[in-house]
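Hello,

Here is the structure I promised to pass on to you. Have a look at it first, and then read my notes on its aromatic rings below.

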Amino acid sequence: GRALVTERPGRLKIVNLRTNTLSPPIPGLPPIAAQGQGGLLGLALDPDFATNRFVYLCFAEARDGGVGSSVFRGKLATNFAALEEGKVIFRQMPAGNTGRHFGCRLVFGRDGNLFITLGDRGNMEKEAQNLANHIGKVIRVTREGAVPPDNPFVNRPDARPEIWSYGHRNAQGATLHPETGLLYTIEHGARGGDEINQPQAGKNYGWPVITYGIDYSGAKIGE
């Protein structure tokens, strides 16, 4: 068997589990902004990978205004030697000017849509409550990056339609419950504020208004 592995500086490699060897970096990736906590982070295989060979990567991308989390899709060649037909299917907006809190976990729901966790970038925590941007949100898009028609904010003109849930700080763990198929996330809080959440459509998970954590200075956060 083989396993795909991302390395934060911007390398995608294949581990051969039979021989315990590591491949050279696979070409075909977009430019990766490896700074601070950013770099090449999340990885998911298409639910139909066996037939379409699509690989999804979440990475820190340099753009106007700084750096933001983006999702790239490419097709893994049959000889495993390159990613082909690559394109960015989603970009967190706006970009930020720190190297912190990118989120960047990718999980496919059982309906084939893609969940993307996005952090508050470390200095835009109040924006996690603002539905007009992607800061501190869980995003849900199709495999092509389009908006599923049953997303919770599709019909709200003041909200980004890609948003699934909001009020998140920095979810860097995500998975589906093996029995129910519901999304679960592990979210880094400030001191004492780590959370396990089961993000549901349209719900607010509190950050930075409601949190059990305190600032690293010892100061109170929120209410």
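Let's begin with Phe-115, which is buried at a relative accessible area of 9% (buried means under 20%, exposed over 50% and partly exposed in between, with a 1.4 Å probe and protein chains only). Trp-164 is buried too, at 14%. The rings of Phe-115 and Trp-164 have centres 5.3 Å apart and planes at 75°, so they form an edge-to-face pair. For such pairs, rings of Phe, Tyr and Trp (its six-membered ring) must have centres within 6.5 Å; planes under 30 degrees apart are stacked, over 60 edge-to-face, and the rest tilted.

A note on the source: this is a predicted model, where local features need pLDDT of at least 70 and side-chain atom pairs pLDDT 80 or more, while totals for chains, interfaces and linings use all residues. Residues are numbered from 1 along each chain as its sequence is written, and side-chain values use heavy atoms, leaving out hydrogens and water.

In total there are three aromatic pairs. Another one joins Tyr-56 and Phe-108, edge-to-face with 5.0 Å between centres and 75° between planes. Tyr-56 is buried at 0% relative accessible area, and Phe-108 is buried at 11%.

There are charges over rings as well (NZ of Lys or CZ of Arg within 6 Å of the ring centre and within 35 degrees of the ring normal). Arg-121 lies over the face of Phe-102, 4.1 Å from the ring centre. The charged end of Arg-169 sits over the ring of Trp-207, at 5.4 Å from its centre.

Enjoy exploring!
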